[in-house]
Each structure stands twice: as structure tokens, then as C-alpha cells.
Amino acid sequence: MEKPAAEKKIVVLKNGPFMVYGGIPLVRKIQIVSEKGEPLTWKKVETYQTGAMYRLCRCGLSKRRPFCDGSHVDSGFDGTETADSAPTTAREQTFPGCMHLLVKHDDYLCMESGFCGTRWSTMQQLVQLTDDGGVRGQVIGMIERCPSGSLTYAMAEGEPDIEPDLPVQIAATTDILSEGPVEGALWVSGGIPVERADGRAVQRGQRSVPGAAELRGPDADGEAGEAEVTMDNQQ
Ligand code: SF4
Ligand code: FES
């Protein structure tokens, strides 16, 4: 029998699920949206009972999501890790017009959870107004609720990015769309190490957003049934 690993880590199994070691807490978070459907924040609605080791679905076909129920086997799931594994610093750009802070975006990692705007304004527009402290705080709040790590910020050029102080946990997320709640990404926070199926460690920066891309399967373009993992607060 396999001995439980005390070390907290997530291992990608070839053409299979994410193997979670070390009793990492698993919760469900649901989007809170405005009456117009704008994502506002996350609410924890459930804490799952798990063992020290458990498997999380990566193929999107499990009837017991977020857990793997073995459906990937019958479906012939191809979980080849094909996404760009370059560090986010190789892709990120700074929005022009930021005042008193720098807002950077790596669009490759965006999973379209929609926390970065309102129905009236996009992040690109809001950063132009950050001379106002209220708008600056709004922008920072939006960035800190971005589960993908696509958005980051620093207070000045040359300063390190500021990360929200998130717990060591995995959150299965529920997105609220116009047609109703749907299963969202797995949101990994708190610096949990992740290994690819080939044994390589997922590369980390201030936030492990490159890992998010590496962990995506070959259909990582938001198709139904896609399972995504986002990595946050990996310092
Ligand atoms: S993942 Fe981040 S950048 Fe993408 S839509 Fe959501 S909040 Fe915006
Ligand atoms: S990875 Fe096993 S059911 Fe999805």
C-alpha cells in the first residue's frame, strides 16, 4: 500500500487526475455576483472531508467533481500538458496609464472569471483613473480576487509584486453565469508545490501562474468539461 506523503504537494498523473498529498484542505468557493451578474467576491460554502491523499478531477468528466471518479479511464482522456510553460514575466505587460501603482497582465493565464471589470468599465479603463485612491483600492481588490493570477500589481517600478495573503488550500470554484452556476477552476493557493506528470516541478514566480498554464490539458480553451487549475500566492 502506498505510504501517505506528509509533504503537501500536488502531482499531475499522466492522462489522469491531480493527486493531492499532505492533507491539503479542500473547500468550495462560489462567486458572489451583482444583480447585473458582475463578479464581486468569493464565498466559501463548503469544506470537504478528505484523507491525507485524494484525487481531483482533471478531465472534467467526473460525476463526483471536484473528485476523480475514474471516468478519465473509460473516456480515454488525453491529459498531455501542452500549455506554454514560460514564466509569466516572459508574457506579462503593464497597462499604460497606471498612476501610483503598476498593473500587469498575462492574458495567457486569464480564465475569464470576470473579477477585473464592471459592466461599465474594464481594468484597462480603470487603471487610467488610479490617481484617485478609491479607484486604486478598487483595482487592487479586483486583482486580489483574480483566481488565475493573470493580473498582478506593484506599487512602483522595480518593486516586487504584492500578493494577497491566501491560505494553503485548494478551492473548487463555482462560477455564476447567466445560465446558472457551473463548475469552475480549481484554485490553488499558499505556495503548494506542484509536479508535472514528467516529474518536473512547475515553475514558480511571485505567483505560480506559469504552473496554471502547464497544468492545463490539451483543451484548455474553456470548452465544456475542461478542468483548470489556477495557482496563486506562491512565494
Ligand atoms: S481570471 Fe483574472 S484577469 Fe481573467 S477575467 Fe478573471 S479576474 Fe480578470
Ligand atoms: S480525472 Fe478522473 S474522472 Fe476526471
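This briefing covers confidence, sheets, cores, the ligand shell and some single residues of the structure above.

The model is predicted: local features need pLDDT of at least 70, side-chain atom pairs count only at pLDDT 80 or more, and totals for chains, interfaces and linings use all residues. Residues are numbered from 1 along each chain as its sequence is written, while chains are lettered from A and ligands numbered from 1 in the order in which they are written. The chain averages a pLDDT of 83, where pLDDT is the predictor's confidence in each residue, from 0 to 100. An open sheet of 4 strands, an open sheet of 3 strands and a nonpolar core of 24 residues are described below.

**Confidence**

- A pLDDT of at least 70 is reached by 83% of the residues.
- Residues 204–228 have a pLDDT below 50, and this stretch has 82 contacts in the model beyond near neighbours in sequence. Two residues are in contact if their C-beta atoms, placed from the backbone, lie within 7 Å.
- Residues 231–235 also have a pLDDT below 50, with 29 contacts beyond near neighbours in sequence.

**Four-stranded sheet**

- The strand order is β5-β2-β1-β11, with mixed pairing. Strands (E, at least two residues) and helices (H or I, at least four) are DSSP runs, numbered from the N terminus. Two strands pair if DSSP finds at least two bridges between them.
- β5 and β11 (194–195) are the edge strands, each with a single partner, so one side of each has no neighbour in the sheet.
- β2 and β5 are antiparallel and joined by 3 bridges; Phe18 has Leu56 in β5 as its bridge partner.

**Three-stranded sheet**

- This open sheet has the order β6-β7-β8 and antiparallel pairing.
- At its edges stand β6 (93–94) and β8 (151–154), each with a single partner strand, so one side of each is left without a neighbour in the sheet.
- β7 (residues 102–105) is joined to β8 by 4 bridges. Across this pairing, Val103 stands opposite Tyr153 and Lys104 opposite Thr152.
- On the other pairing, β6 and β7 share 2 bridges, with Gln93 opposite His105 in β7.
- In a regular strand the side chains alternate between the two faces of the sheet. In β7, Val103 and His105 form the covered face, and Leu102 and Lys104 the uncovered one.

**Nonpolar cores**

- A nonpolar core is a set of buried Ala, Val, Leu, Ile, Met, Phe, Trp, Tyr and Cys residues joined through C-beta atoms within 7 Å. A residue is buried if 20 or more other C-beta atoms lie within 10 Å of its own, exposed if 12 or fewer, and partly exposed in between, with C-beta atoms placed from the backbone.
- In the largest core, of 24 residues, the members touching the most others are Ile10, Val20, Leu56, Ile170, Leu186 and Val188.
- At least two residues of this core come from each of β1 (9–12), β2 (18–21), β5 (54–56), β9 (169–177) and β10 (180–189). The largest share, 4 residues, is supplied by β10.
- Another core, of 13 residues, lies apart from it and includes Val103, Phe115, Cys116 and Cys146.

**Ligand 1**

- The shell around ligand 1 consists of Cys110, Met111, Glu112, Ser113, Gly114, Phe115, Cys116, Cys146, Ser148, Ser150 and Leu151. A residue is near a molecule if its C-beta atom, placed from the backbone, lies within 6 Å of it.
- This shell holds 6 nonpolar, 4 polar and 1 charged residues. Ala, Val, Leu, Ile, Met, Phe, Trp, Tyr, Cys and Pro count as nonpolar, Asp, Glu, Lys and Arg as charged, and the others, Gly among them, as polar.

**Loop residues**

- The peptide bond from Arg65 to Pro66 is cis, with omega near 20°; Pro66 sits in the loop between β5 and α1 (71–75).
- Asn15, in the loop between β1 and β2, has a positive phi near 50° without being a glycine. Asn15 counts as partly exposed because 17 C-beta neighbours lie inside 10 Å.
- His100, in the loop between β6 and β7, also has a positive phi, of about 70°. With 11 other C-beta atoms within 10 Å, His100 is exposed.

**Trp42**

- Trp42 lies in β4 (residues 39–47) and is partly exposed, with 19 C-beta neighbours inside 10 Å.
- Not counting residues up to four places away in sequence, Trp42 touches Lys29, Gln31 and Arg145.
- Trp42 and Thr173 are 131 residues apart along the chain, and their C-alpha atoms are separated by 8.8 Å.
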